[in-house]
Amino acid sequence: MKNRLLFSWIGNTDIREASNPERSGPLESILEASRYDVLYLIYDKPETEVTSFLRHIEERFDVTIIKNPVSLSDPTHFGDIYRVFDSMLDKAQSAYPNAEHTIQITSGTPAMTAVSILLGKAKYSTKFVQSSIEQGVSEPDLPFDIVADFLPALAKRTDAKFSNLFSGQAPNTAAFADILTQSGIMETLKQKAATIAQRDVPVLIHGETGTGKELFAKAIHNASRRSDMPLLTLNCGAIPKDLIDTTLFGHTKGAFTGANVSKKGYFEQADGGTLFLDEFGELPLESQVRLLRVLQQGTLTPVGSTTEKRVDVRIIAATNRNLIDCIAEGKFREDLFYRVAVGMITLPSLRERQGDLPLLAKKLLEKVNHDAANVPGYIHKKFSANAIKFITHYGWPGNVRELQATILRASLWQPSELLSADDIRDALLESRPSQDRILGRDISQGIDISEIIKEVSTHYIERALNENHGNKSKAAAMLGLKNYQTLNNWIEKYDVK
């Protein structure tokens, strides 16, 4: 004969009615109506509040009681409730694999009831029981299938959140407080950006991919006098050359084949606000000329029109290219560069932000846990000590964006609670092309091997110094050099800062 298991939260009504000789509480009424072999009780209350109730149940009913005291941040927090109730059901299923499971859904908060139904319907296939003064003890009629009716939509919403995280896009509400750092360099840049935000001047943000250029741009806009006006983002590298002018400045009806209606460009749409031009260095020269004219004169002419329109737009541009080099190569206009680079911010790579990796990693994992809290079966993740050590020592060539995507992948692939160093390592997307930047360069047209040696040496010397907080003896030992004098020679030779 199967064991019969009953699962229930302990509610305030259960505790209150236990001392009432004339009336039973919800859980007590259910135990009076049917016999159960094992009673799993879960409660987020001090032991002093439940002691008399538990004694009362033990004295009245012949049932094995398994107590599950838990700690919830909030008795209405779905994520916390889901995690602790799911854990209890999972342990019970392992202990009594062939038992009949019933969940009592009357006691506890409405959030506890909702989570109980979700788990019982979607994951554990349990029965349900309820109790009320009006209708007594009964099996509730739940005429729906969680899996068929609700889970696809829930998964879709969660997938959308995960997709947004993978995209690495900064939230529109970004503020300087959202830029997490313990680095003195970054704190200085935040202060500098906050000052620039108050001055209505163009801004150029330079940095490697994934260093937070968009986050800084949105924070600058949100801290500026234009914060209540539009902030539009345009990826200059994603626009076909023949559409750049109409995209930026708009067009009139009939200006070209397919122009069935007049359309405003990004400048007109952002009038009064801010236009964030990402991948600014990708603009072709002919478009740079027209953009310069708009910035200098504050007027534009839509494609197909002869009438000038006045616009008031603040430009924040971002690039991972060295525009000074592009100017020297004739690929970027010097006058446009100096017109935009009034407020100049150069963001460091993640490997240069000493002490920030553990802080950022933990915050990113918190975000993953928050967004996945209501996903059936998801277990709240945390880092092991060796995972944090691996994250701290890895170079992260993709910067914060790579770190974020790696943590997401690791949390998706690891079903248990703890993320290890191996989980992080397995979630990395390392490939041969990353080595080919050094080892697989095309030498048919000739290369400068001295520059390659300098590039590699500078990279690892800087990392070793950062890792050892500037201690040259320790950095030299890490690099396999005999002593710090030898390291000093390398530093001077390659002008390492």
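The legends below describe close-up views of a predicted model. Local features need pLDDT of at least 70 and side-chain atom pairs count only at pLDDT 80 or more, whereas totals for chains, interfaces and linings use all residues. Residues are numbered from 1 along each chain as its sequence is written, and side-chain values use heavy atoms, with hydrogens and water left out.

**View 1. The largest nonpolar core and the contacts of Leu-277.** A nonpolar core is a set of buried Ala, Val, Leu, Ile, Met, Phe, Trp, Tyr and Cys residues joined through side-chain atoms within 4.5 Å; buried means under 20% relative accessible area, exposed over 50%, and partly exposed in between (1.4 Å probe, protein chains only). The largest such core has 31 residues, of which Phe-267, Leu-277, Phe-280 and Ile-315 touch the most other members. Among the elements that each supply at least two residues of this core are strand S9 (274–278), helix H12 (285–297) and strand S12 (314–319), and H12 gives the largest share, 4 residues. Helices (H or I, at least four residues) and strands (E, at least two) are DSSP runs, numbered from the N terminus. Leaving aside neighbours within four places in sequence, Leu-277 is in contact (heavy atoms within 4.5 Å) with residues including Leu-234, Leu-291 and Ile-315.

**View 2. Asp-80 in helix H4.** Asp-80 lies in helix H4 (residues 78–95) and counts as buried because its relative accessibility is 9%. The side chains of Asp-80 and Arg-83 are joined by a polar contact of 3.2 Å; such a contact is a pair of N or O atoms within 3.5 Å, where within protein one must be able to donate a hydrogen and the other to accept it, and residues adjacent in sequence count only if both atoms are side-chain atoms. Although Asp-80 and His-380 are 300 residues apart in sequence, their C-alpha atoms are 9.3 Å apart in space.

View 3. Glu-366 forms a salt bridge with Lys-363, with the closest N and O atoms 3.6 Å apart; the term denotes a side-chain nitrogen of Lys or Arg within 4 Å of a carboxyl oxygen of Asp or Glu. Because they are 3 residues apart in helix H15 (residues 356–371), Glu-366 and Lys-363 are separated by about one helical turn. Glu-366 is partly exposed at 47% relative accessible area, and Lys-363 is likewise partly exposed at 43%.

**View 4. The enclosed helix H2.** Helix H2 (residues 26–33) has 6 of its 8 residues buried, so it is largely enclosed by the rest of the structure. The buried residues of H2 include Leu-27, Glu-28 and Ile-30.
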